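Here is a short briefing for a first look at this structure. Keep the sequence and the 3D view open while you read.

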Amino acid sequence: MAKVHVTTSVNGEETEYLCEPHETLLDVLRNNLQLTGTKEGCGSGDCGACSVTVDGRLTCSCLVLAVEAEGREIGTIEGVGDKEKLSVIQQKFLEHAALQCGICTPGLIVSTQAMLKDNPTPTEEDVRYYLAGNLCRCTGYDKIVRAVMDAAETLPSERGA
Amino acid sequence: MSEAQDYKYIGQRTIRPDGFDKVTGRASYGADLSLPGMIWGKTLRSPHAHARITRLDTSKAEAMPGVLAVAVHSDFAAVSDEAIQAGEGSANLIDLASNILAKNKVLYHGHAVAAVAAKTEALAEQALALIEVEYEVLPPVMTALAAMAADAPVLHDDMFTTGLEETPDKASNIANRVEFKIGDVEAGFAEADVIVEGTYKTPTCHQGYIEPHACTVRYDEDGQSMIWCCTQGHFDVRTSTAKLLGMELSKLKVVASEIGGGFGGKTTVYQEPVALILSKKSGRPVKMVMDRDEVQLATGPTSASHNWVKIGARKDGTITAMQGKFIYEAGAFKGSPVMMGCMTAFTPYEVPNLYAEGFDVVVNKPKVAAYRAPGAPQGEFAAEMAVNELAAKLGMDPIELRLKNAAKEGTQTIYGPKFKRVGLVECLEAARDSEHYKAALAENQGRGVASGFWFNVGGQSSVVINMNPDGTGTIVEGSPDIGGSRASMQMMAAEELGIPLEKLKPIVADTEMLAYSQGTGGSRTTFATGMAVIEAAQDVVRQLKERAAALWNVTAEQVDYADGVAYNTAGEDKMTCAEICSKADRTGGQITGRGNINARGAGPSFAVHICDLEVDPETGKTDVIRYTAIQDAGKAIHPSYVEGQLQGGAVQGIGWALNEEYVYSPEGKLENMGFLDYRIPVASDLPMIDTVVIEVPNAFHPFGVRGVGESGIIPPLAAVGTAAANAIGTHVTELPLSPPRVLKLVQEKG
């Protein structure tokens with residue numbers, strides 16, 4: 001089967017790859033582009049470990065075909081924060097010990113960033129429902145919810161600064 | 001002891017040293033390594049629960065372009081009938097080999113039959129379809145009770161029940177019987193005014209780690225073979241794989257990647273030895289990554305159980321006897337944790353007459369693996385439910401009943417030792433005095449409390465601390481870090497060395513860089529590996545004193561060391577750790593501290609949980625509305641990660657109690673693979689999980705650590721079960737309390 005040539009943008013960088021028509025965006029991110037920060041937990045859109053944004057919209061990359069990325073803007077965990085400094089969300093996850101094994105963490109951080117863009121002042125219930133698609137088996141979610149609430153409170157003052 | 005001491009680092013909420021990599025996606029997990037020339041392995045699995053393999057022909061798959069190797073059971077070296085250390089128990093080598101590639105029978109839906117390595121994952125998948133297997137399908141046995149029936153189909157015709165007075169001459173599905181007792185239960189029941197008894201059932205459920213099993217391996221003829229994998233114990237992966245392939249330990253390096261959850265389920269091998277066979281045959285590095293269905297079909301789970309419990313007490317609440325018969329499913333091969341179930345079920349109580357009998361039974365389900373306090377939640381669920389029934393029957397508060405009979409220092413346990421100082425009474429008092437326990441409940445709401453006991457273990461850990469010429473150091477340990485343990489190691493070493501945390505970098509070394517270390521399990525890492533870290537740090541301090549003494553021309557005894565500074569007690573001199581390290585070349589070479597230990601004296605950790613549950617009588621839906629987890633940590637090295645263990649254990653237990661179960665068809669096919677149908681708790685299912693960390697120090701650990709990983713999964717089963725029973729006004733005897741079962745209980749109540 002002939003491979004398909006795709007031109008897309010990943011974390012703001014123009015990126016080209018060849019992929020099989022059946023391959024998912026997750027496969028290509030991990031295996032072709034070596035962006036292994038995006039994780040596969042289930043391959044069926046149930047766990048959220050592979051969360052990315054496509055044109056700013058939160059998506060499970062295991063449910064998107066790699067060819068569908070043509071002309072889009074893809075955002076992954078590798079694009080969160082900058083070279084010098086962690087983002088507020090990343091920093092709050094560390095301060096609140098909101099991760100144990102860490103496998104769900106990239107997906108949760110990408111989801112949290114997407115949520116706070118849509119809803120900068122979430123209630124605890126908002127957070128719990130928005131992140132209900134990101135499974136974590138280690139923490140019981142308590143410290144994750146606290147980290148996200150703290151990040152939401154901190155971010156406006158950062159923006160104002 | 002540690003209670004009175006002021007520590008600089010112990011007890012602080014520091015930022016974990018591996019945190020940056022984990023929030024940026026840089027941390028490398030089981031599936032994240034690729035090697036030049038690497039090919040992909042895939043596994044063919046049985047569609048049947050129980051069948052004889054009458055024909056297995058891999059020739060068409062081998063002939064397919066792009067396919068480089070095929071592996072079947074006969075590729076294993078001739079292994080002996082030998083037990084090896086695997087995770088929190090032992091495993092028989094023949095069983096292990098027959099589980100990871102079926103020998104002549106398949107024993108569960110999803111049992112691996114063959115594996116293929118091909119240039120791409122897709123080609124490997126296609127090649128699986130070319131493997132020809134013919135099965136003679138046999139009737140499956142899907143529950144322990146069915147498996148114990150006299151006329152049940154037998155899984156292994158060479159399995160004869162052990163642990164009986166006489167070994168039977170007829171093969172059966174009952175692998176083993178165990179028995180523990182103290183006193184005389186019949187006499188104890190005769191003294192009782194009140195007796196409760198009941199049968200309690202728990203389902204098969206999975207550890208549910210988010211990261212599927214994954215490995216990348218490279219076989220080399222020159223003796224440099226390598227396995228990279230996500231495991232709780234890479235030294236045990238080395239032992240198992242080397243035995244299965246007939247290799248010497250020094251010819252196999254196992255590297256523990258970062259691990260995306262394990263909970264006991266990553267203490268054994270599945271794909272690793274198979275991948276190494278494929279690599280040997282193909283001459284190429286091989287990567288194998290399970291998909292979620294494979295994880296559910298062929299790894300984990302924990303034992304379903306069927307347990308009968310009887311308790312007798314006097315009118316004043318004094319328990320006179322406790323008795324139980326515990327039947328645990330082992331899955332396809334012997335080795336359920338029923339012995340641990342017998343040892344733990346009644347251990348939160350000081351009772352003179354105890355009797356526990358356990359049966360290890362094989363069924364056509366995947367071979368069980370350890371799951372957080374393996375064996376304890378099932379048995380303690382039965383005992384704790386019965387204790388709550390007893391409290392109701394006596395008209396006593398369930399915490400007061402527990403306090404009246406609580407195990408404490410000097411209590412004789414059913415499994416042998418008498419307790420040293422333990423913190424159950426402190427946990428119960430904290431529960432009784434909590435605001436939560438006094439809070440009012442509304443209509444359709446109920447409250448449940450339960451205790452949990454787990455031994456915790458010690459064992460072998462090896463640690464070296466290499467000091468650098470600038471005074472920084474590397475802590476080299478061998479316990480895979482699943483939940484932040486590197487932070488604890490860093491804190492304990494910094495405390496001993498008196499130098500800032502950031503001067504010390506903890507790493508998990510591969511099997512070539514360090515002597516054998518037992519895996520991360522049994523809540524042992526902060527306790528046992530922590531003791532090895534402390535010993536290695538003390539070894540560094542001893543050498544720092546010697547080096548300073550040499551520079552000052554005094555004896556080492558004349559040097560004091562405190563807060564990272566050496567003092568000459570015979571003069572005015574002082575030197576920092578960094579200054580001594582910078583002059584190490586002049587005093588005999590660089591400094592390495594070593595702590596290779598076999599830790600004894602693990603301290604039991606008791607837990608007490610309170611659960612408030614609301615039941616919707618129209619739909620059977622339940623909501624946990626308030627939850628408090630109380631547990632004795634001995635000493636919380638890093639309080640946030642200790643709280644995290646309590647919260648995570650509580651939520652796994654809530655999932656076990658409310659939703660999680662393997663659903664099989666009558667033919668024995670698993671019907672609810674995947675996270676949509678096997679539903680673990682999500683954020684919107686839960687409230688905050690309040691924690692109370694009790695610190696009754698363990699005298700055997702320099703800082704008082706007990707270990708906190710496991711006890712927290714035990715109480716939720718009976719706390720949630722009792723809360724549901726109280727909300728509905730009925731009795732609960734079976735988990736999970738999924739909406740259909742709850743609705744049925746509501747309707748039966750009328």
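**A strand pair to start from**

K181(B) has Y355(B) in β17(B) as its bridge partner. The model is predicted. The two strands involved, β9(B) and β17(B), pair in the antiparallel sense over 8 bridges.

**The five-stranded sheet of chain B**

- Strands β9(B) and β17(B) belong to an open sheet of 5 strands in chain B. The order is β9-β17-β16-β15-β10, and the pairing is mixed.
- The edges are formed by β9 (174-182) and β10 (194-202) of chain B. Each of these edge strands pairs on one side only.
- On average, neighbouring strands of this sheet are turned by 10° against each other, direction ignored.
- Strand β17(B) covers residues 354-362 and strand β16(B) covers residues 319-331. Their pairing is parallel and runs over 9 bridges.
- Y328(B) stands opposite D360(B) in β17(B). G331(B) has V362(B), also in β17(B), as its bridge partner.
- Is β17(B) mostly covered or mostly open? Strand β17(B) is mostly covered, with 8 of its 9 residues buried.
- In general, side chains of a regular strand alternate between the two faces of the sheet.

**A helix across the sheet**

- Helix α11 of chain B spans residues 376-394. This helix lies across β10, β15 (305-313) and β16 of chain B.
- The helix α11(B) runs at about 145° to β10(B).

**Chain B as a whole**

- Chain B holds 20 helices and 28 strands.
- The C-alpha trace of chain B spans about 85 × 75 × 50 Å along its principal axes.
- What radius of gyration would a compact globule with 750 residues have? The value would be near 27 Å, and chain B has 27 Å, so the two agree.
- Of the 750 residues in chain B, 61% are buried.
- Take the contacts in chain B with a separation of 6 or more. Residues 24 or more positions apart account for 79% of these contacts.

- The contact between them takes 13 residues from domain 1 of chain A and 11 residues from domain 2 of chain A.
- Which element gives the largest share of the domain 1 side that touches domain 2 in chain A? Strand β3 (residues 51-54) of chain A does, with 3 residues.
- By class, that side of domain 1 of chain A has 6 nonpolar, 6 polar and 1 charged.

**Where chain A meets chain B**

- How many residues does each chain bring to the contact? Chain A brings 44 residues and chain B brings 43 residues.
- On the side of chain A that touches chain B, the elements giving two or more residues are α2 (88-95), α3 (105-118), α4 (124-130) and α5 (142-160) of chain A.
- Helix α2(A) gives the most to this side of chain A, with 4 residues.
- The side of chain A that touches chain B divides into 21 nonpolar, 13 polar and 10 charged residues.

Technical notes
Residues numbered from 1 in each chain as written. Chains lettered and ligands numbered in written order. Predicted model: local features only at pLDDT ≥ 70, side-chain atom pairs only at ≥ 80, totals over all residues. Contact = placed C-beta atoms within 7 Å. Nonpolar A, V, L, I, M, F, W, Y, C, P; charged D, E, K, R; others polar. Pairing = 2+ DSSP bridges. Axes fitted to C-alpha atoms, helices over the stretch in contact; angles between N-to-C directions. Rg over C-alpha atoms; globule rule 2.2 N^0.38 Å. Buried ≥ 20, exposed ≤ 12 C-beta atoms within 10 Å, placed from the backbone.
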